[in-house]
Amino acid sequence: MAACGVEERRRVGRLSALSVYRRAAGPGRLERRRRGTPLPAGGKRTKARLRRGAAGGGGPERAAPPQGAAVPNRVERAGSPEAKQEDLKTNPSGPSAKAPAGNLETKSPGGPLTTSGELRAKTPARSPEAKPPGDPTTSPGGGGVLGLLRRLGRLEDSRQRAAELFRWLVAPVALEEFARQHWERAPLLVQRGDAGYYAGLFSTADFDAILRSGDVHFGTHLDVTSYAEGVRETHNPVGRALPAVVWDFYQNGCSLRLLSPQAFSTTVWHFLSILQEHFGSMAGANTYLTPPGTQGFAPHYDDIEAFVLQLEGKKHWRVYSPRTCSEALSQFSSANLTQAELGEPLLEVVLEAGDLLYFPRGFIHQADCLPDAHSLHITVSSYQRNSWGDFLEKLLPAALQMALEEDLEYRQGLPIDCLGYMGVANSDAVDARRTAFVEKVQHLIKKLVDYAPIDAAMDQRAKSFLHDCLPPVLTESEKQLSVYGFPARWQDGGPCNVDILITKDTEVRLLHHGIVRLCNEEAGVMLYYTTENSRVYHKEEPKYLEIDPEYTDSIEFLLSSYPNHVSVDTLPCDALEDKISLATLLFEKGILTTKKPLVQV
């Protein structure tokens, strides 16, 4: 058998991982994904995904953007000293020049990729509210992303950290301009001319190290994909993704998608854990490594707000408007689309390291590598199933239940003869009974608003968000002042520094603002928190403490006082013992920090 195997290899030449996979899988198991056929496990889903991830890839026929949409701005970064200095800012002002409806002319190393547009957006001037050069909270210089995260860690308020990180992400576009012209409306292209802007966030060296850790499995953590001649394939073997096999796939033209890199990379985890507080919605990510001259994904649209950060190399992107109103701000990702379904792109560009491309959910996109360079990018995502409609899906059933319990009118029976005059078969009939029936339904629906528990429904949405959240990443100072840095240990034959001695004079505050939520539920008052979450999406059940109702004012007091410290004695509990007991419990769960270390080491 061994001799036959050697002879077979000599006859057919070297077998790549891709050819071995295809032989083993057989034609019946090739994961071909043409239009309308969903991917198997590990591929793009046509419904809401269950992992923290974002997708990247595709495009359809061009249609009008959503109402109020604008043609994407292009921030062009020149190589002048002035432009390089501007690259250090994160909030220059002045809206970028807006192009008229139509395509933008976009520069690439070999000239424009699209030439149908006539206006090129200029670099915006710095606004009066722009941060000065070298501002410690926003300047990307000095340590790359790691330096940025350290500087953000000096800010006392976690909400300010989140806002400043997002400001840096879309810089030099002002936050107000982004919200007004782009968010959920139109793509944004930022070409910075600064290859080191994202330095330290993630790299191919990090990718390789993660593969060598032995914790990566095909389908669960890594997808091997290809797209050629209109056919999208996923080539995931079963089991561990060993470096020799993974790099062989890559060498043979397959793209590598690492799902949820935050589970492996502390830096990505730190980045997303801050950003999620800005969105008030789960922030996820996927990384995409694509060989030169290849494409890994078919044209498609996603159900998330996507921020594409080009980390290494370069990649050719085409973005298309939603084809219909129903696809704008889509609730679900699309199936793979064919090239025949695509019209002219709204935007066509080559992203280079340091560039940013944002597009809203529902905008079709596809990306391929040029022959002379590989590409590594990370797609940061948020706002999956976070619309008004999703909120009302939770609110209206609760409102109806309350109305049924409290209002006799909702419990009264339907007219005995309504089947005879209502329904599609009777929809064209002119009948006073039909008119009365419709008016009654409209009356009950309008009246339902009075029973809508809007705040309670929002608390339930926040509860779900806290379950989705990454756990917070702590600064060294936060560790020293929290239970995570408490010096309890085994020493000299026994435990020492064990007692957490909180007194009435101990000054405390929440660790971060967005880590807790009070919810009034049937079982009682629950305090949900994120400090014990996992970096793997929903690996842990929701974490909560059942709170005595008399403690709710104290929790609200801590929330409203943040980021200031308050003494335990000022907590609005009846007895000092209760104040100390509550503070100790919250400290032990990592929810509170103290102004000074409880134990001097």
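How are helices α7 and α8 oriented to each other? In this predicted model, α7 and α8 are oblique to each other; angles under 35 degrees count as roughly parallel, over 145 as roughly antiparallel, 65 to 115 as roughly perpendicular and the rest as oblique. Helix α7 (residues 204-212) packs against helix α8 (residues 243-251) at an angle of about 140°, and their axes are 9 Å apart. Axes are lines fitted to C-alpha atoms, for helices over the stretch in contact, and angles run from 0 to 180 degrees between N-to-C directions. On the α7 side the contact (heavy atoms within 4.5 Å) is made by Phe207, Asp208, Leu211 and Arg212, and on the α8 side by Pro243, Val246 and Trp247. Five of these residues are nonpolar, none polar and two charged. In this classification Ala, Val, Leu, Ile, Met, Phe, Trp, Tyr, Cys and Pro count as nonpolar, Asp, Glu, Lys and Arg as charged, and the others, Gly among them, as polar.

Residues are numbered from 1 along each chain as its sequence is written, and side-chain values use heavy atoms, with hydrogens and water left out. As the model is predicted, local features need pLDDT of at least 70 and side-chain atom pairs count only at pLDDT 80 or more, while totals for chains, interfaces and linings use all residues.

The protein chain holds 17 helices and 20 strands. Helices (H or I, at least four residues) and strands (E, at least two) are DSSP runs, numbered from the N terminus. Of its 601 residues, 54% count as buried, where buried means under 20% relative accessible area, exposed over 50% and partly exposed in between (1.4 Å probe, protein chains only). Among contacts in the protein chain with a separation of 6 or more, 79% involve residues 24 or more positions apart.

From α5, the residues Ser158, Arg159, Arg161, Ala162, Ala163, Leu165, Phe166, Trp168 and Leu169 meet Phe271, Ile274, Leu275, Glu277, His278 and Phe279 of α9. The contact of α5 with α9 comprises 10 nonpolar, two polar and three charged residues.

Strand β12 (residues 375-382) has eight of its eight residues buried, so it is largely enclosed by the rest of the structure. Ser375, His377, Thr379 and Ser381 point one way from β12, while Leu376, Ile378, Val380 and Ser382 point the other way. Strands pair if DSSP finds at least two bridges between them. Strand β7 (residues 284-290) pairs with β12 in the antiparallel sense over seven bridges, and glycine 284 stands opposite serine 381 in β12. Strand β8 (residues 305-320) also runs antiparallel to β12, joined by eight bridges, with glutamate 305 opposite serine 382.

Elsewhere, three strands form an open sheet in the order β19-β15-β20, with antiparallel pairing. Strands β19 (566-567) and β20 (592-594) stand at the edges with a single partner strand each, so one side of each lacks a neighbour in the sheet. Strand β15 (residues 507-510) is joined to the antiparallel β19 by two bridges, in which valine 508 has valine 566 as a bridge partner.

Side chains of opposite charge can pair when their charged atoms come close. The whole structure contains 27 salt bridges, a salt bridge being a side-chain nitrogen of Lys or Arg within 4 Å of a carboxyl oxygen of Asp or Glu. One of them joins lysine 447 and aspartate 407 (2.7 Å, N to O). Lysine 447 lies in helix α13 (residues 432-448) and aspartate 407 in the loop between α10 (388-406) and α11 (408-411), so this pair ties together parts that are 40 residues apart in sequence. Aspartate 407 counts as buried, at 9% relative accessibility. Lysine 447 also forms a salt bridge with glutamate 409, with the closest N and O atoms 2.5 Å apart. Glutamate 409 belongs to helix α11, 38 residues from lysine 447, and both residues are buried. Asp407, Glu409, Lys440 and Lys447 are linked in a network of salt bridges.

A further salt bridge forms between glutamate 521 and lysine 463, with the closest N and O atoms 3.2 Å apart. Because glutamate 521 lies in strand β16 (residues 516-521) and lysine 463 in helix α14 (residues 454-468), the pair ties together parts that are 58 residues apart in sequence. Lysine 463 is partly exposed, with a relative accessible area of 23%.
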